[in-house]
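Hello,

Here is the structure I promised to pass on to you. Please have a look at it first, and then read my notes below.

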Amino acid sequence: MDWAEKYRPRHLSELVGNRESLRQMSEWARQWTTETPPLIIYGKPGIGKTSSAWALANDMNWEVVELNASDQRTKGVIEKIAGGSASTGSLSGAFRKLIILDEADNLQGNADRGGARAIAEVIRQAKQPLILIANDLYGLDGTIRNLCTKIQFKALPAKSLVPRLREICSMEGITCALPALNDIAEQASGDIRSAVTMLYASAIGKDKVGEDDVSISSKDSRSTIFDLVAATLGYRQVTSLQDLNMTVDETPDTVLQWIEGNLGVLPDTKKNAAAYQALSRADMYLGYTYKTQYYTLWRYANILMLYGVHDVMKGRPSGYAKIMPPTRWRQMSTAKRQKLMREHLLSQLGISMHMSSASVRNIYLCPVSLLARQFPQSFVKDYSFDADQLNILIHDPDLAKSIVKSIDEEKKSLEKELKKKKKEEEALAKKNRTLKKTEPDIKVQLSSCNETDSALVMIDDNEKESETNVNKDKKSSQSTLFNF
Amino acid sequence: MDETHAIWIEKYRPHHLSDIIGQPEIIERLTSYVAKHEMPHLLFTGNAGTGKTTAAVALAREFFGDDWQMNFRELNASDERGIDVVRNQIKQFARTSPFGGSTFKILFLDEADALTSDAQSALRRTMETYAQTCRFILSCNYSAKIIDPIQSRCAIYRFRPLGKQAVAEMVHRIEKDQNLTVSEEVINAIFYIAQGDMRKAINALQGAAILGREISPDMIYAITATARPEEIDDLIELCLAGNFPGAGGTLASLLHDRGIAPQELIGQLYRAIMKRDLPENIKVRLIDSLGETDFRLSEGAGSDIQMQSLIAKFVMYGGKNTR
């Protein structure tokens, strides 16, 4: 059996890393009531998101209903499965049923709003614990996101993977050289599933795994990109840049980013411009490639970025330089997040203002943000913004945070009051019921069987009535909340 | 008689892992999977004609013996690339139990990089949920087009372009079987046109064999509509010498008299320039103009004018070189 499955952790305590997130999860589960908001677990692939959800259910002795991207997840299906199991308890009634919506950033419903709304509805009505799992938090619809508690899973540091790999080795009765394990852990770049799969792939049919056995099977490796960049920038002499590039096995986009990130500033302005000219030509070829889907063009990008830059760098004394992953990547990931956030915001505004998000952006963003600055509270309430989204409009992160926080608190206290009210009413209803019960009881004694039935019906009616009253109250107070 | 009609790439496709030429490390690993009768999900990546499909089919044959087709399913993802394939066909195959006492079956998903990203993400949990009954082998040309979550679930094997020795071994195998005569020069020619793609190599050989049992390099070039490497060198020589009329004439004869496709010619020029000993800055410029022409042709520009303009640029840069 596949080791990634065989050694999938069964209990939260068996998971590697992310201790704080796991603690939050088990706390969430232990304190779960029907009022607890669902969880969103998000993070890179292969770091234990799905495993932790299953392990949690196992630890809590809960049943699991999983719905992933390979299942059809249109509005109707989600309502039927998640909605059904969410609002009906399991047969025995003894334990709960955990609903896992895996790959939630890939919900088909994200494309059409009906799906997102259906899920939001299911989440709101859930009578069972629910966990959504996603790679990208902002790939989820804003309304869903705001309904949930978010827990992030981080990529695992290479050295934390090694003990687990060693454990698996000893359970399988294999000896594995430590450098080989280190190599696997390094190449997996924080992805433990990939590490276990790699180990499995290189260990089948062997009782000993050496360092050389590992090299052929790995997730896109980053081990020699450093050599390639060093050689391109002239720190190191190689016979053929092109051959080196073949062994590095990176896409030209990535290599281009690396070279640009490590280029630094050249004192000679002419050379500086020439190096950037080569990079920009390479970049154009990449653009051509994706535009035409004609991958032959990649080779020109390669030549321009490698030989073009190398030519400019000629004459540099070879020596040591620290090659670093491009800093732009970090910026890009924040920028990507920003962009997604902005798009959500615009589409949300657009829906309520009956126009395309493009025209919101081009024409109305200025007045809207002026208004938002003046009445931030009502904007947050109307659109259920989070602090980051509000910040886009008012450009003041601290103010945004404090406003959202105060509104959240207000909401909570309102909800508390509501609950209190509900309880009081329930108590009152109970009292009424017991009062009324005594009356028909006397009747029962006096009358025939037929009449007992009707009496029971009467009781049922009373119950229903008091319930609807409570619901009505709840609805009206809710609507005041939203119409604020 | 039907022997002669068979396509050689199918006829000579190795049925056993031990018969596969090239990729020794990969074959060694796959062989030990068969010995242990277990395997992880696999992702084969590499250029066309490097043995990905062959390895997958041979692996299935060795795992399942004569009934291999009962437990093996091949899907070409570029034919059926939507999410419904995963939800219906793939799940259907994966969830039913294997035949004949095997512990699992194999689903081979060829050209998996053609799957839409929706379909790929639908595949993620499917690979795990049915891991008991089904192993996946995905094959693709560019692993970058496979989403990370799937890469993380697979053992990745990179198939390298085949070396000259591997091509020679295959050619000799066929030579013996078909009673041909193949000289060292022919091997060189085949290797030159195949560029590490065994399928191309075998196709060229079969094409040439139709013309006669004694194969010559010219037959190989003719059948594949490729210029001889010397002709390409002559063309570049003329350009670098600043002889535009001469270079233009050679170009026209290659394009029109020999019927060589312009993009084929560009590929050959690319390789010739990269091999040539030229100052790096000249090399980069030549390659850049080559790339620009390649792009324009792919966008639908007319080949005659674009190719002549390419040659004119070559002459210009070459002229600087001689000065």
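**The interface and the cavities**

There are 10 salt bridges between chain A and chain B. Please keep in mind that this is a predicted model. One of the salt bridges joins Arg124(B) to Glu103(A), with 3.5 Å between the closest N and O atoms. Polar contacts across the interface of chain A and chain B come to 26 residue pairs, both residues at pLDDT 80 or more.

H14(A) has the largest share, with nine residues. By type, this side of chain A divides into 20 nonpolar, 22 polar and 19 charged residues.

As for the extent of the interface, 61 residues of chain A are in contact with 57 residues of chain B. The two chains bury about 5,200 Å² between them, and 51% of that is on carbon and sulfur atoms.

Of the 30 residues lining the largest cavity, Gly46(A), Gly48(A), Ser51(A), Ile192(A) and Arg193(A) are the closest to its centre. Elements that each supply at least two lining residues include helix H3 (49–60) and helix H9 (192–203) of chain A, as well as helix H7 (117–129) of chain B. The lining is made up of 14 nonpolar, five polar and 11 charged residues.

Best wishes

Conventions
Residues numbered from 1 in each chain as written. Chains lettered and ligands numbered in written order. Predicted model: local features only at pLDDT ≥ 70, side-chain atom pairs only at ≥ 80, totals over all residues. Heavy atoms only, no water. 1 Å grid on protein atoms, 1.4 Å probe; cavity = no way out; pocket = protein on both sides within 12 Å on 5 of 7 lines; lining within 4 Å. Helix = DSSP H or I, 4+ residues; strand = E, 2+ residues; numbered from the N terminus. Nonpolar A, V, L, I, M, F, W, Y, C, P; charged D, E, K, R; others polar. Contact = heavy atoms within 4.5 Å. Buried area = accessible area lost by both parts, 1.4 Å probe. Salt bridge = Lys/Arg side-chain N within 4 Å of Asp/Glu carboxyl O. Polar contact = N/O pair within 3.5 Å; in protein donor to acceptor, adjacent residues only side chain to side chain.
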